[in-house]
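Work through the exercises below with the model open. Each task is followed by a stepwise solution.

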Amino acid sequence: MTGVQLRAGLANADLIAVLVAVTDNEPRVMTLRAGEALPSGPFESQHRSLQSGLRDWIESQTSHPVGYLEQLYTFADRDREAPSEAGAARRISIGYLGLVREQVTPGTGQPQWHGWYEYFPWEDHRDSRPAVLDSIADRLDSWAGADSLRRERVDFLFGQNGLPWNEDLALQRYELMYEAGLAESPSRPAIEGFGRPMTGDHRRILATGIARLRAKIKYHPVVFELMPDSFTLLHLQRTVEALSGLRLHKPNFRRQIDQQELVEETGEMSSGTGGRPAKLYRYRPTVLQAQALAGPRLPVSRH
């Protein structure tokens, strides 16, 4: 396929970005329209590539630079979007995951940052099992009824009846809730308390980004993109916990960091108040060089 043919085929494509930052130990996502939508824009013929088009659009519309960026998925399900005008060309959405450091942009109408657990409150297990899971489980039990396959799916995805919670299944959980009528769609409103709704299929795209990032931090050092140049080991642990939605076993976490030689001491101490100064670390140059390759695993070890 030539470049001209590719651009013609993408004439009705929207580029949608899941831009993630971790601020004050909370995973946050850049949004537009008061939290209802993810940043998006059309693919233009002058763009050299999809990624360059998305970078240009984000930086021009939000004044926010983008570092790490990877394609998530192409979304084109007809029943997930509101009906278009008769005769209108069908649009597809190409989702991307980007990792940035949150910064305030001046002016009105600028993007807003929202915690991603506002949209998926059942995914945050850092302090305790979320209370909303009880309501979700009750509704899913009614939906499953006597269907054994449905019941097995509910138990597996939501950690019911003695099965463990798997943080990597965030997208599958949302998809099951959508199938069961517990998430908003073009034909039904959102259920109060079951996460903040978003326009179109944007919450599904956000769930895709969460699932991808939770899985990726275990085998590739992408979390580096979210950290400052120097940090304490506790800061690193809290960042991984924020993304995974789990509390980690501190000795095991630090043992695995040491064994995999991910970081090195800077020779300086933290100057923060409220506690004893802690050693500052940075990523080893060899680890930074591996960002473009499959790299070491960042541990997500439970209690």
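**Exercise 1.** How do the residues of the lining of the second largest pocket divide into nonpolar, polar and charged?

*Solution.* The model is predicted, with local features needing pLDDT of at least 70 and side-chain atom pairs pLDDT 80 or more, while totals for chains, interfaces and linings use all residues. Residues are numbered from 1 along each chain as its sequence is written, and side-chain values use heavy atoms, without hydrogens and water.

Step 1. A pocket is an open set of points on a 1 Å grid over the protein atoms alone where a 1.4 Å probe fits, with protein on both sides within 12 Å along at least five of seven lines; lining residues have an atom within 4 Å of a point.

Step 2. The lining consists of N25, T232, L233, L234, H235, R238, R254, S270, R276, A278, K279 and Y281. Two or more of these come from each of helix 7 (233–244) and strand 8 (279–283), and helix 7 gives the most, with 4 residues. Helices (H or I, at least four residues) and strands (E, at least two) are DSSP runs.

Step 3. Sorting gives 4 nonpolar, 4 polar and 4 charged residues. Tyr counts as nonpolar, and Lys and Arg as charged.
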